[in-house]
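The stops below go from one selection to the next.

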Amino acid sequence: MTRRWFITGGTPGGFGTAFAEAALGAGDRVVLTSRRPNELATWAEKYGDRVLVVPLDVTDAAQVLEAVRTAEEHFGGIDVLVNNAGRGWYGSIEGMDESSLRAMFELNFFAVLSVTRAVLPGMRARGSGWIVNVSSVAGLVSAVGFGYYSATKFAIEAVTDALRDEVAGQGISVLAVEPGAFRTNAYAGFANEAVGEPIPEYREMLEQVRATFVEMDGAQPGDPHRGARAVLEAMAQEPPPHRLVLGNGGYDAVVDALEHTLADIRKNEKLSRSADFPR
């Protein structure tokens, strides 16, 4: 059957449009949302009435409800939700200002909940659906300079795991996707972004973080179109996976980190088990 997709965070050359094109290539229909929908007008014209571009700031709860209502009325429902909207911030744990920290959680975490909660009633009523939460390798491996960004993505991982179990009986599947470094416009802003670290001891570290991303911009190994098609292939598996890491570098980093974590936990197994009341 033809599926109806609702994808947040549509930008030219980004993961949102890559997901949309993968879905359209499979014969499906797509609602692609964007804070700047005019940037997608030429792109959308190629697909005619199979695509609807809807303006949406995912941090605006009223806009979320209106966009979901528009999508459901236009195509008759939403079969696949892709929570793709988000952005990266960097800064030290001690030094990042409160407003940036809260804005990061509003966009990367609370907005995902807002969109998901708006879409779920329709899926439950139909007894089927897919929710794809675009997390990050940083949602499984925290990195220096990106501690708070990682925290937002770790939170997405936790909610995704719980939601998967909560809605399984409703015929709804839930997948977390963890991209590594992909060739989108996500890194472009770092070039013109000064390190705003107020604590001198962290500035050199963060400047190195920024320089790494600036140098990588345009040379990231990940192809968003291949990544999006991999997600569709994962969704077709039976049973589908719980998470899908995208990219060679991301895969290696996640496996290495999890193996180290497991080894560290097992090293203190005796201490861990000693904390219970004696039997």
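Start with the crossing of α1 and α7, which is right-handed; a crossing counts as right-handed if the near helix is turned clockwise from the far one by less than a right angle, and left-handed if anticlockwise. Helices here are DSSP runs of H or I with at least four residues, strands are runs of E with at least two, and both are numbered from the N terminus. The model is predicted: local features need pLDDT of at least 70, side-chain atom pairs count only at pLDDT 80 or more, and totals for chains, interfaces and linings use all residues. Residues are numbered from 1 along each chain as its sequence is written, and side-chain values use heavy atoms, with hydrogens and water left out.

Select residues 15–25 for α1 and 224–235 for α7: their axes come within 8 Å and cross at roughly 50°. Axes are lines fitted to C-alpha atoms, for helices over the stretch in contact, and angles run from 0 to 180 degrees between N-to-C directions. The two helices are therefore oblique to each other (under 35 degrees is roughly parallel, over 145 roughly antiparallel, 65 to 115 roughly perpendicular, the rest oblique). Show side chains for the contact (heavy atoms within 4.5 Å): on α1 the residues include Phe15, Phe19 and Glu21, and on α7 they include His225, Arg229 and Leu232.

Phe182 sits in the loop between β6 and α6 (200–216) and Phe15 in α1, so the pair ties together parts 167 residues apart in sequence.

Next, colour the strands. Seven of them form an open sheet with parallel pairing, in the order β3-β2-β1-β4-β5-β6-β7; two strands pair if DSSP finds at least two bridges between them. At the edges are β3 (51–55) and β7 (243–246), each with a single partner strand, so one side of each has no neighbour in the sheet.

Zoom to β5 (residues 129–134) and β6 (residues 172–179), which run parallel and are joined by six bridges. Asn133 has Ala176 of β6 as its bridge partner. Helix α5 (residues 147–167) lies across β5, β6 and β7, at about 160° to β6.

Finish at Glu238 and Pro239, joined by a cis peptide bond with omega about -5°. Pro239 is in the loop between α7 and β7.
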